[in-house]
Amino acid sequence: EEDVAFIRLQFCDIFGHPKNLAITAAQLERALNHECIFDASAISGFRDTLHELYLYPDLNTFDVFPWRPQTGKVARMFCNLAQGDGTPFEGDSRLVLNRVLQDAEKMGYYFEIMPEPEFFLFHTDDDGCPTTITHEDAGFFDVAPADLAENVRRDIILTLEEMGFDIYGSHHELSPAQHEIDFAPGNAAKIADQMQTFKMAVKTIAKKHGLHASFMPKPKAEVNGSGLHLNISCRDRFGKNLFCLDSDRNQLSDTARHFAAGLLAHAPGITLVTNPLVNSYKRLISGFDAPTKIYWTDILANRSAVVNVPQRRGDQTCIEFRSPDGACNDYLAFALCLASGLDGVKNSLEPPKLIHENLSGKSDREISAMNIDVLPETLGEALECYQKDSLVRNIMGDLIYEEYLQAKQKEWGEFRAVVTNWEIENYLQKY
């Protein structure tokens, strides 16, 4: 009916990079019978896998790519990964998230996530390679002609809506060439799949406009970086919001408080996954509207808080986790965020006092005097916190946990060995 000629059987490696096996429509029956296999040893994080893996397509994720040819169309299905005997492959990031959601469902909890991904649109050079150059100087919520990429965002959103996305809105962000597109709340598993498609669509549409879209957390030193704020809500099987309690002073239920406590307790340990790059920590510094401190607040001006409680209440009550960035593996990041909150609920963890005061004028020293801890400041510190938090290994499983750890240790070691331009400029002549 759709004139689909090619179908991409899609999954991702442990870092969230999309992978696929493309088949023709004539091979669809083989795919549905789980007869499509691939050499897993060549995929990042799968290298110790000794056997081929099988692709198990999720039929609910079938979608046609609108940006591909309209005759002989290209469609996609996300796949779960299995071993030859049909058992799930432990290196499958999608499996990690689904297990967390299944555990939550046994407790009577159903999670929705509303992501707010930010990204930059830069010019390319004469060879088509990305740069960090932009010709605009627009700021927060600016419109055309100051916002030169208004049409690009419009095309991205129209493309996403054609694929069934529910988009709340979009706008220009604080930094020149920086943009944000906000999702409507949705089932956590579905939103994780959609984030994979979202990044692909943004990059593809941007390229059609002669631009390069980057989810790099901090591509330019002098401006704000890009985050991936996650608004999380929790419901029962009847759809009632379990984070709301009208009789409470803050209109927050015990479930909400315990969930926030879990997020705050595990924030350092999961940061290596939610903020996976050396560059991620160039964003997480004071003075650039990025979260750096481990506390929760209901004051939007407290940009340094890792957890925020948006003002909306009732059916829209949610908890916003502000530290992740768009370089993360969305499946693993979602899984660890939700598991952290659930750990707080299971163990009735009590959060610190909810900050109603505007701390934006206070110094780091004054905030530290309030017994407020800080997020890891480098990838090296994040590695240490990652290894100290037993929940991270329990959720990710031994295979992903160890592969991820080794890769990030290697990345940190390589970065530490590099002599940067800053060092040359500041030390070479003096010493």
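Student: How do strand β7 and β12 pair, and over how many bridges?

Tutor: Strand β7 (residues 110–123) and β12 run in the antiparallel sense, paired over eight bridges. Two strands pair here if DSSP finds at least two bridges between them. Strands (E, at least two residues) and helices (H or I, at least four) are DSSP runs, numbered from the N terminus. This is a predicted model, where local features need pLDDT of at least 70 and side-chain atom pairs count only at pLDDT 80 or more, while totals for chains, interfaces and linings use all residues. Residues are numbered from 1 along each chain as its sequence is written, and side-chain values use heavy atoms, with hydrogens and water left out.

Student: Which residue is the bridge partner of Tyr110 in β12?

Tutor: Arg235 of β12 is the bridge partner of Tyr110.

Student: What else does β7 pair with? Start with β10 and β9.

Tutor: With strand β10 (residues 186–187), β7 pairs in the antiparallel sense over two bridges, and Ile113 stands opposite Gly186 there. Strand β9 (residues 178–183) is also antiparallel to β7, over three bridges. Within β9, Glu180 is the bridge partner of Glu118.

Student: And how many bridges join β7 to β11?

Tutor: Four bridges join β7 to strand β11 (residues 211–214), and these two run antiparallel. His123 has Leu211 of β11 as its bridge partner.

Student: Back to β12: how many bridges join it to β15?

Tutor: Three bridges join β12 to strand β15 (residues 319–321), again antiparallel. Asn231 has Glu320 as its bridge partner in β15.

Student: How many residues of β12 are buried, and how many of β7?

Tutor: Strand β12 (residues 228–235) has eight of its eight residues buried. Buried means under 20% relative accessible area, exposed means over 50%, and partly exposed is in between (1.4 Å probe, protein chains only). β7 is mostly covered too, with 11 of its 14 residues buried.

Student: Which β12 residues sit on which side?

Tutor: On one side are Leu228, Leu230, Ile232 and Cys234, and on the other His229, Asn231, Ser233 and Arg235. Both faces of β12 are covered, and the residues on each are all buried.

Student: What about Glu116, buried or exposed?

Tutor: Glu116 is found in strand β7, and it counts as buried because its relative accessibility is 13%. Leaving aside neighbours within four places in sequence, Glu116 is in contact with Glu180, Ile181, Asp182, Gly227, Leu228, His229, Asn231 and Glu320. Contact means heavy atoms within 4.5 Å.

Student: How far apart are Glu116 and Leu230, in sequence and in space?

Tutor: The two are 114 residues apart in sequence and 6.5 Å apart in space, C-alpha to C-alpha.

Student: Switching to helices. At what angle do α9 and α10 pack?

Tutor: Helix α9 (residues 379–388) and helix α10 (residues 390–416) pack at an angle of about 155 degrees, with their axes 10 Å apart. That makes α9 roughly antiparallel to α10. Angles under 35 degrees count as roughly parallel, over 145 as roughly antiparallel, 65 to 115 as roughly perpendicular and the rest as oblique. Axes are lines fitted to C-alpha atoms, for helices over the stretch in contact, and angles run from 0 to 180 degrees between N-to-C directions.

Student: Which α9 residues make the contact?

Tutor: From α9 they are Leu379, Gly380, Leu383, Tyr386, Gln387 and Lys388. The α10 side includes Met396, Ile400, Tyr404 and Trp412. The contact residues divide into 10 nonpolar, four polar and three charged. Ala, Val, Leu, Ile, Met, Phe, Trp, Tyr, Cys and Pro count as nonpolar, Asp, Glu, Lys and Arg as charged, and the others, Gly among them, as polar.

Student: Last topic, backbone. Where is Ala177, and what is its phi?

Tutor: Ala177 lies in the loop between β8 (167–172) and β9, and has a positive phi of about 75 degrees although it is not a glycine. Ala177 counts as buried, at 1% relative accessibility.

Student: And which peptide bond is cis?

Tutor: The one from Ala144 to Pro145, with omega near 10 degrees. Pro145 is found in the loop between β7 and α3 (150–162).
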